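Here are my notes for you on this one. Have the sequence and the 3D view open while you read.

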Amino acid sequence: YRNREKERVKNCLDSLVMQTYRDFEVLLIDYGSDEHFSNAIKPLVESYPFARYYYNHTTGMPWNRAHALNSGVRLAQNEYILFGDIDLIYSPKVLEALAEKASENTQVYSKVFFLPREKNKLEQVVASNWQNLPCSAEGGKGGVHLVARKHLEEIRGYDEYYCFWGVEDRDLYGRLDQLGLESVWTDHQLFPVFHQWHPEVSGARKGFFP
């Protein structure tokens, strides 16, 4: 997380309140947000009993998702790690479906449905014909990824050389594949995950980088 609106974070955390699988904790890594954002987000996160808030003092540094996620792995205490972007909304049985497929020999993924701009709340999505929403490709593994912590430690986590957007996830999956882990997927139609709309973020856009 960095410098995103409060409502986006609340939508994500509210969806986790409704999970049928309850044995989890959330670590939100704030990667150097401006003060007015962090002042709003910290009490929100801490109002959820399953969530912990951590601030990385990286203000002014380039966005580095690999660094942020490695920070979370170091702070986490559980046997399995689920990487999830703050933009996501989870339907109630997603964590249960992921946990059922989790093992020391697998890394578990889920496709995500992309929400339109006007629908970013779970109740709005469920009441609509969400099955017709655009969906991520099978090669797009970045949004939802569950893996045993010991394997992340074995390969020393994300390569923090990669910054801005992209590549760091493909590099991680490739190194986990080389350990012999099998890639498995949940049924995204039965256990949908939704990505909240935001403007395109891409280093390929002209003028995007300073």
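The points below go from the whole chain to its strands.

1. **Before you start.** This is a predicted model, where local features need pLDDT of at least 70 and side-chain atom pairs count only at pLDDT 80 or more, while totals for chains, interfaces and linings use all residues. Residues are numbered from 1 along each chain as its sequence is written, and side-chain values use heavy atoms, with hydrogens and water left out.

2. **Overall size.** The C-alpha trace spans about 40 × 40 × 40 Å along its principal axes. A compact globule of 210 residues would have a radius of gyration near 17 Å, and the chain agrees because its own value is 17 Å. (That radius is taken over C-alpha atoms, and the globule rule is 2.2 Å times the number of residues to the power 0.38.)

3. Of the 210 residues, 47% are buried, meaning under 20% relative accessible area with a 1.4 Å probe, protein chains only. The chain exposes about 11100 Å², and 52% of that comes from carbon and sulfur atoms; the areas come from the Shrake-Rupley method with a 1.4 Å probe.

4. **Who touches whom.** Take the contacts (heavy atoms within 4.5 Å) with a separation of 6 or more: 81% of them involve residues 24 or more positions apart.

5. **The parts list.** The chain has seven helices and nine strands. These are DSSP runs numbered from the N terminus: helices are H or I with at least four residues, strands are E with at least two.

6. **S1 and S2.** Strand S1 (residues 26–31) runs parallel to strand S2 (residues 51–56), and six bridges join them; for two strands to pair, DSSP must find at least two bridges between them. From S1 the chain passes through helix H2 (residues 35–46) to S2, a right-handed β-α-β crossover. Right-handed means that, with the strands pointing away from you, the path from the first strand over the helix to the second runs clockwise. Across the pair, Leu 27 stands opposite Arg 52, and Ile 29 has Tyr 54 as its bridge partner. S1 is mostly covered, with five of its six residues buried.

7. **The four-stranded sheet.** Find the open sheet with the order S3-S7-S5-S8 and mixed pairing. Strands S3 (80–84) and S8 (182–185) are at the edges with a single partner strand each, so one side of each has no neighbour in the sheet.

8. **S3 and its partner.** S3 and strand S7 (residues 144–148) run antiparallel and are joined by five bridges. Look for Phe 83, which stands opposite His 145 in S7.

Methods. Buried < 20%, exposed > 50% of the residue type's maximum accessible area, 1.4 Å probe, protein only.
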